[in-house]
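Biologist: Could you take me on a close look at the surroundings of the ligand in this model? I would like to see how that part sits alongside the rest of the fold.

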Amino acid sequence: MALAQQIQAFYDASSGLWEQIWGEHMHHGYYGPQGYHRLNRRQAQIDLIDQCLSWADITTADHILDCGCGIGGSALDLAQRFQARVVGITLSPVQAERASERARAAKLGGDRPPCAEFRVADALHTPFADQSFDLIWSMESGEHMPDKAAFLGECHRLLKPGGKLLLATWCHRPTDSLAGPLTPTEQRHLDRIYRAYHLPYVIALPDYRDIAQESGFTLVKTADWSQAVAPFWDDVIASTLTLEAVVGLLQAGPGPLQGALVLRAMAQGLSSGLIRYGLLQAVR
Ligand SMILES: C[S@@+](CC[C@H](N)C(=O)[O-])C[C@H]1O[C@@H](n2cnc3c(N)ncnc32)[C@H](O)[C@@H]1O
């Protein structure tokens, strides 16, 4: 099966369960800069959105693209927060349908701002005209992209001059430090995670910075928030140890179950420093 179909099938099968057990956001939580704040998981996920906006100094936006929108958690928040028009894209028809339903329920289903619409589209080849958006928001979808340069190139094409890209994405540790290239053990650790979550590969944060600059972006800034988000996985692991979650996982089929089996590997990867949580902001 092609990668895009695998990703679609994974999110089609797992999104309902994720929403039931974990809520509308399919991204990490923010637990304070060092990860010491003891927070409810859902609050931590909302705090991550707040922190990203504040870090990237995003205080206003009229037309926003949410690349890899899940079931619309960020998109609905951004539409309301900025009284904006938001378009969310995902590979999963189940997610797009559920996100549209949630937009209607939140009275954001119209065509006047604040509003949010959702489509099935591939972030590497979107159907939108050049310079359509003033903010592109991509929260934990970059790791799924098989061609990171094509992804950032498409974001650059879609942004208006002066428009901003905000990317939060899974990375591996930089390989230009004393630690050197990834070891075979590290690569095997990552491969397990790639297989379970249908990731082609991840890259180091400095590589994202280089690609953004090569794509024509300016004012590129990056930050490593691995410590801030690390407690998230222990929370997720704890929440799978309920009857509701176990039954849900068994019913959702092999894909979501495989995802659950690598939760510990994600937690270990983050705590060992192999897996990093990268932020990138850039201006067209
Ligand atoms: C981990 S979920 C994150 C969802 C959402 N951003 C959030 O924070 O709740 C990853 C999302 O990326 C989407 N995605 C992955 N590859 C994509 C692609 N090539 N084009 C569009 N969406 C993609 C998936 O369909 C899914 O919605």
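Modeller: Happy to! One definition to begin with: Ala, Val, Leu, Ile, Met, Phe, Trp, Tyr, Cys and Pro count as nonpolar, Asp, Glu, Lys and Arg as charged, and the others, Gly among them, as polar. Please keep in mind that this is a predicted model. On that basis, the shell around the ligand holds ten nonpolar, eleven polar and two charged residues. There are 23 residues around the ligand, and those that come nearest are His27, Gly68, Gly70, Ala123 and Ser141. Helix H1, helix H3 (73-82) and strand E2 (85-90) each contribute at least two residues to the shell.

The axis of H1 (residues 3-22) comes within 10 Å of the axis of helix H10 (residues 243-252), and the two cross at roughly 170°. An angle over 145 degrees counts as roughly antiparallel, so that is how H1 and H10 run relative to each other. On the H1 side, the contact uses Ala13, Ser14, Leu17, Gln20 and Ile21, while H10 brings Glu244, Ala245, Gly248, Leu249 and Ala252. Sorted by class, this contact has six nonpolar, three polar and one charged residues.

Leaving aside neighbours within four places in sequence, Ile64 is in contact with Leu78, Ala84, Val86, Phe133, Leu135 and Trp137. In the largest nonpolar core, which has 71 residues, Ile64 and Ile136 touch the most other members. Strand E5 (residues 159-172) gives the most to this core, supplying seven residues.

How values were computed
Residues are numbered from 1 along each chain as its sequence is written. This is a predicted model: local features need pLDDT of at least 70, side-chain atom pairs count only at pLDDT 80 or more; totals for chains, interfaces and linings use all residues. Axes are lines fitted to C-alpha atoms, for helices over the stretch in contact, and angles run from 0 to 180 degrees between N-to-C directions. Helices (H or I, at least four residues) and strands (E, at least two) are DSSP runs, numbered from the N terminus. Angles under 35 degrees count as roughly parallel, over 145 as roughly antiparallel, 65 to 115 as roughly perpendicular and the rest as oblique. Two residues are in contact if their C-beta atoms, placed from the backbone, lie within 7 Å. A residue is near a molecule or strand if its C-beta atom, placed from the backbone, lies within 6 Å of it. A nonpolar core is a set of buried Ala, Val, Leu, Ile, Met, Phe, Trp, Tyr and Cys residues joined through C-beta atoms within 7 Å. A residue is buried if 20 or more other C-beta atoms lie within 10 Å of its own, exposed if 12 or fewer, and partly exposed in between; C-beta atoms are placed from the backbone.
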